[in-house]
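Open your viewer and get ready to select residues. This short tour moves from charged pairs to a sheet.

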Amino acid sequence: MLIHLNVNDFALIEKLEFAPDGGLTVITGETGAGKSILIDAILSLLGNRMTRDMIRTGSSSCRIEALFQAEAACFDPELQAVFGLDDETPTELLLQREFNENGRSVFRINDRLSTASTARRVSAALFDIHGQHDNQLIFDPATHIGLLDRFAGSPVQSAREQWEAILLQWNQCHEKLASLGADPAERARTIDMLRYQVSEIESAKVKPREDEQLAEQRRIRQNQEKIVKALSEARDLLSGDESGGAIRLLGESAAKVDYIGRYSEKLGRLKDSLSESIELASSVAAGLADALQRIDIDPRALDRIDERLDVLFRLKTKYGGSLEQVIAYHQKASDRLATLLGAEEQTQALQQELDQIQTRLVGAGKVLHEARAIAAADLSRRICLELSDLGMKSVRFSVRFEEQDTRPPFRKDGLDQVVFLISPNPGEPERPLARIASGGEAARIMLAIKAILADADRTPILIFDEIDTGVSGRTALRVAEKLSFLAKGRQVFCVTHLPQIAAMADHHFLIEKSVLEGKTRTELFRLDRTGRQHEIARLLSGGAGEDQALSLAEELLRGAEAFRQDSSSDRKS
């Protein structure tokens with residue numbers, strides 16, 4: 001049950017508070033006053049997409065919040081656990097949404113941050129909202145199977161879960177089979193390509209980081225003459241004899257210091273450092289000489305390096321941006337090649353497994369069909385009863401199952417294709433709903449379906465946004481009576497232009513648009529009985545013949561009160 005709704009800075013609404021009661025609540029007002037804005041606010045709270053133009057002019061954000069009293073039975077076990085719901089005690093749920101001019105939404109449930117998907121799950125458990133365009137949904141056969149399954153409840157739900165579980169196995173097996181290349185010709189082409197790629201990489205004998213090492217060698221080869229000259233000069237400076245190399249000069253210095261050591265022990269100790277320097281210089285000189293001897297003066301070496309780098313570059317271009325990626329691709333291609341080479345035997349085994357799963361799947365589809373067929377007969381009977389109450393006394397309604405397609409691809413909802421058929425008049429054959437029903441008939445059929453599904457789903461709150469489209473006269477009174485019956489034990493909100501529906505309400509609110517200080521705003525008022533009489537008179541006459549309209553409005557209100565009293569007595573008896 002919706003206990004309280006606050007809307008701030010949403011469209012034309014600056015601030016609106018709505019505290020409805022149980023039963024049938026009707027909202028009326030002039031065209032353009034903002035009745036649908038209130039519905040849009042609730043839809044936004046429940047996860048619908050919002051745009052910046054939904055924020056009231058002059059504000060940077062809007063905020064919508066609603067307090068509900070919810071019973072555990074409305075929610076699936078996961079949500080029951082999240083919100084701590086139990087079967088004994090109804091729990092209050094506070095849903096909030098803020099939307100700012102940057103396009104960012106923040107959802108909260110009981111003051112805890114939530115996601116849009118969770119808000120939608122909660123809303124699906126609390127609300128069933130019927131908008132003006134929803135009448136057209138029943139013209140689309142694609143929606144019929146979902147409506148039938150909702151009505152059928154647990155018997156179909158259980159059979160459908162079994163179907164979906166086996167379908168998952170079928171899809172997984174089918175994907176494995178497809179990965180092996182079910183087409184022999186395609187598999188042969190793939191094997192040829194993989195063999196070439198694996199052979200090309202293997203023949204290159206690629207090593208990790210080989211390209212980096214070759215690039216270093218290439219730099220050395222390009223500067224080989226300069227390197228040889230520098231090595232020779234460095235060696236000569238250390239060990240040359242003609243001009244006195246550094247090693248010879250260090251030796252002479254060590255001899256002088258050794259001589260000084262006869263007179264000064266402290267200065268004599270410097271000889272040790274000089275001796276170490278001589279040893280280090282000798283070692284470096286030997287290394288330079290060795291490097292000179294090992295230098296390979298090969299005029300073709302640079303060409304060979306360039307050729308190898310070109311091979312590696314082409315491999316990286318084809319199989320990845322680095323040699324590590326080339327090596328990884330080689331491993332992947334080798335594994336894939338091995339799989340395909342052994343695919344024939346695997347293909348046969350998987351095909352047998354797929355056939356077995358498909359047999360089970362078709363069997364599950366037939367079980368699902370049988371459960372739906374039982375529900376379809378009951379749904380047809382119930383809809384005919386509901387439509388009879390709504391003034392379509394001679395209507396015939398049935399659910400037709402198209403021929404089952406037991407071949408793939410398989411749909412998630414089973415083998416069935418469902419079409420609703422109707423014959424609104426005696427002597428006419430049943431035809432698909434889309435080809436028969438008028439706008440007013442569509443509204444009544446959708447109301448009948450909503451009434452039936454509301455009982456099946458135990459949906460606590462129903463919202464009808466202008467259910468009266470295409471309805472007038474005696475039929476409007478029947479629609480009003482049906483809405484009153486629906487409101488027994490739940491909340492029903494109805495935005496309407498029909499005086500018959502407005503008169504039938506347990507609670508009546510008027511929404512008005514006004515201009516204050518140059519700004520347009522929408523406000524909501526609860527009407528007392530006198531206010532209801534005047535508003536119903538306006539709906540009847542549009543402002544003309546006020547006295548007669550007031551008299552007729554009073555008559556409608558008394559008739560509605562008598563109907564509600566009689567229906568309440570019937571339920572008690």
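Select Glu554 and Arg529. Their side chains meet in a salt bridge, 2.7 Å from N to O. A salt bridge here is a side-chain nitrogen of Lys or Arg within 4 Å of a carboxyl oxygen of Asp or Glu. The pair links distant parts of the chain: Glu554 sits in helix α20 (residues 546–572) and Arg529 in helix α19 (residues 529–541), 25 residues apart. Helices are DSSP runs of H or I, at least four residues, and strands are runs of E, at least two, numbered from the N terminus.

The model is predicted: local features need pLDDT of at least 70, side-chain atom pairs need 80 or more, and totals for chains, interfaces and linings use all residues. Residues count from 1 along each chain as its sequence is written, and side-chain values use heavy atoms, leaving out hydrogens and water.

Is Glu554 buried or exposed? At 14% relative accessibility, Glu554 is buried. Arg529, at 35%, is partly exposed. (Buried means under 20% relative accessible area, exposed over 50%, partly exposed in between, with a 1.4 Å probe and protein chains only.)

Now find strands β12 (residues 461–465) and β13 (residues 491–495). They pair in the parallel sense over five bridges. Pairing takes at least two DSSP bridges between two strands. Pick Ile463: its bridge partner in β13 is Phe493.

Finally, show the open sheet of six strands, ordered β8-β12-β13-β3-β14-β15, with mixed pairing. β8 (127–130) and β15 (519–526) stand at the edges, each with a single partner strand, so one side of each has no neighbour in the sheet.
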